[in-house]
Amino acid sequence: MANRMTLLAGIVVLIAAAAIMWAVSARPQSGAQAVREIYTRPAPPPPVGRMRVFHLGHSLVGRDMPAMLAQLAGAGHRYESQLGWGTSLKHHWEPGEEIAGFADENDHPRFRPAREAVASGDYDAVILTEMVEIRDAIKHHQSGRYLARWAALARDANRETRVYLYETWHRLDDAEGWLTRLDRDLDRYWKGTLLAADITRNAPARPVYLIPAGQVMARFVREVEAQRSSGAVRSRDDLFQRREDGSTDPIHLGDMGAYLVTLTHYAVLYQKSPVGLPRQLRRADGTPAQAPDAATAELMQRIVWEVVTYLPETGVRG
């Protein structure tokens with residue numbers, strides 16, 4: 001009798017264990033798992049010819065970078081934008097939210113109201129930019145929810161439209177360390193929260209792709225600072241604007257940084273290596289931008305392509 005009871009107890013344990021294993025396997029994938037799986041497939045090739053692009057964001061988009069991108073892409077590339085000062089995706093979406101700096105930032109011929117633009121289906125690419133600081137945006141401005149809303153609006157308007165997330169950066173004087181934050185934030189915020197939110201909420205056939213400007217900057221800065229470069233960029237400070245008092249703006253890019261970020265946009269959108277592209281470009285107002293020397297430009301271009309083709313979330317394969 002005792003042996004029979006022991007046998008029955010063992011069977012019950014085995015059945016319970018099997019039920020637990022089935023339940024675990026049947027659970028929806030975690031955000032990280034879903035992100036990894038959907039990015040095993042490369043993005044479709046870009047449309048033949050030049051693209052029409054909509055930029056949504058703030059001063060880390062600015063006017064100069066989209067204008068520089070159009071110059072690198074060549075005749076036929078068209079773009080419009082809606083910008084603000086430190087504006088979140090939520091504030092761009094909600095009609096009742098005030099967008100700081102709206103009148104100043106959008107006083108140019110390239111402005112188009114964001115909801116009208118994205119819902120039009122006119123664009124080959126819609127690039128979404130979240131506010132800085134990214135963890136504050138996630139905590140207080142529901143970044144994942146609003147990224148998913150903008151992405152769904154773009155896809156519903158035109159299933160061929162590609163949606164991109166522009167990975168930015170934080171202040172140079174961040175207490176945790178500028179490079180440390182760039183390394184950590186990619187997985188925990190940009191991929192683990194924002195990209196995962198769109199995948200879990202919308203289950204798209206084509207995900208939001210990443211424009212990894214922060215990762216490119218980190219890789220480039222490590223290389224030039226290790227080499228003690230004598231070129232146009234010797235340290236991270238040289239990527240950022242100089243104030244009138246000679247100090248470094250801790251968040252806004254100068255011409256060197258804008259060029260590096262522009263190369264990153266080009267490589268992801270057009271799925272082409274930027275090696276060999278021109279280094280002398282103009283700002284949005286037509287004035288010549290400070291150009292990197294030939295060696296620095298080549299280093300920037302090479303690093304951009306290595307980073308873009310290394311990260312599967314860009315959708316680009318080398």
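Modeller: Start with the term cavity: on a 1 Å grid over the protein atoms alone, a cavity is a set of points where a 1.4 Å probe fits but cannot get out, and lining residues have an atom within 4 Å of a point. This is a predicted model, in which local features need pLDDT of at least 70 and side-chain atom pairs count only at pLDDT 80 or more, while totals for chains, interfaces and linings use all residues. Residues are numbered from 1 along each chain as its sequence is written, and side-chain values use heavy atoms, with hydrogens and water left out.

Biologist: How many cavities of 30 Å³ or more does the structure hold?

Modeller: There are 2 of them. A volume here is the space filled by probe spheres set on the points, with grid points joined across faces, edges and corners. The second largest cavity has about 30 Å³ of space. Its lining consists of A117, V118, G121, D122, Y123, V126, A154, A157 and T161. Two elements, α6 (114–120) and α8 (143–157), each give two or more residues to that lining. Helices (H or I, at least four residues) and strands (E, at least two) are DSSP runs, numbered from the N terminus.

Biologist: How do the residues of that lining divide by class?

Modeller: Ala, Val, Leu, Ile, Met, Phe, Trp, Tyr, Cys and Pro count as nonpolar, Asp, Glu, Lys and Arg as charged, and the others, Gly among them, as polar. On that scheme the second largest cavity has 6 nonpolar, 2 polar and 1 charged.

Biologist: Which element gives the most to the lining of the largest cavity?

Modeller: That is α9, with 4 residues. The largest cavity has a volume of about 70 Å³, and the residues lining it include M131, I134, W169, R181, D185 and W190. By class, the lining has 6 nonpolar, 2 polar and 4 charged residues.

Biologist: How should I read the packing of two helices?

Modeller: Two packed helices are described by the angle between their axes and the distance between the axes. Axes are lines fitted to C-alpha atoms, for helices over the stretch in contact, and angles run from 0 to 180 degrees between N-to-C directions. For α7 (residues 134–141) and α9 (residues 178–202), the axes come within 10 Å and cross at roughly 30°. The two helices are therefore roughly parallel to each other; angles under 35 degrees count as roughly parallel, over 145 as roughly antiparallel, 65 to 115 as roughly perpendicular and the rest as oblique.

Biologist: Which residues of α7 and α9 make the contact?

Modeller: With contact meaning heavy atoms within 4.5 Å, α7 contributes I134, R135 and I138, and α9 contributes R181, D185, R188, Y189, W190, T193 and L194. The contact has 5 nonpolar, 1 polar and 4 charged residues.

Biologist: At what angle do the axes of α11 and α12 cross?

Modeller: They cross at roughly 40° and come within 9 Å, α12 being residues 294–310. That makes α11 oblique to α12. Among the residues in contact are M256, L260 and L263 of α11 and M300, V304 and W305 of α12. The contact divides into 11 nonpolar, 2 polar and no charged residues.

Biologist: And the open spaces?

Modeller: A pocket is an open set of points with protein on both sides within 12 Å along at least five of seven lines. The largest pocket holds about 340 Å³ of space. It is lined by 17 residues, of which S59, G62, D64, Q241 and L253 lie nearest its centre. The largest share of that lining, 3 residues, comes from α11.
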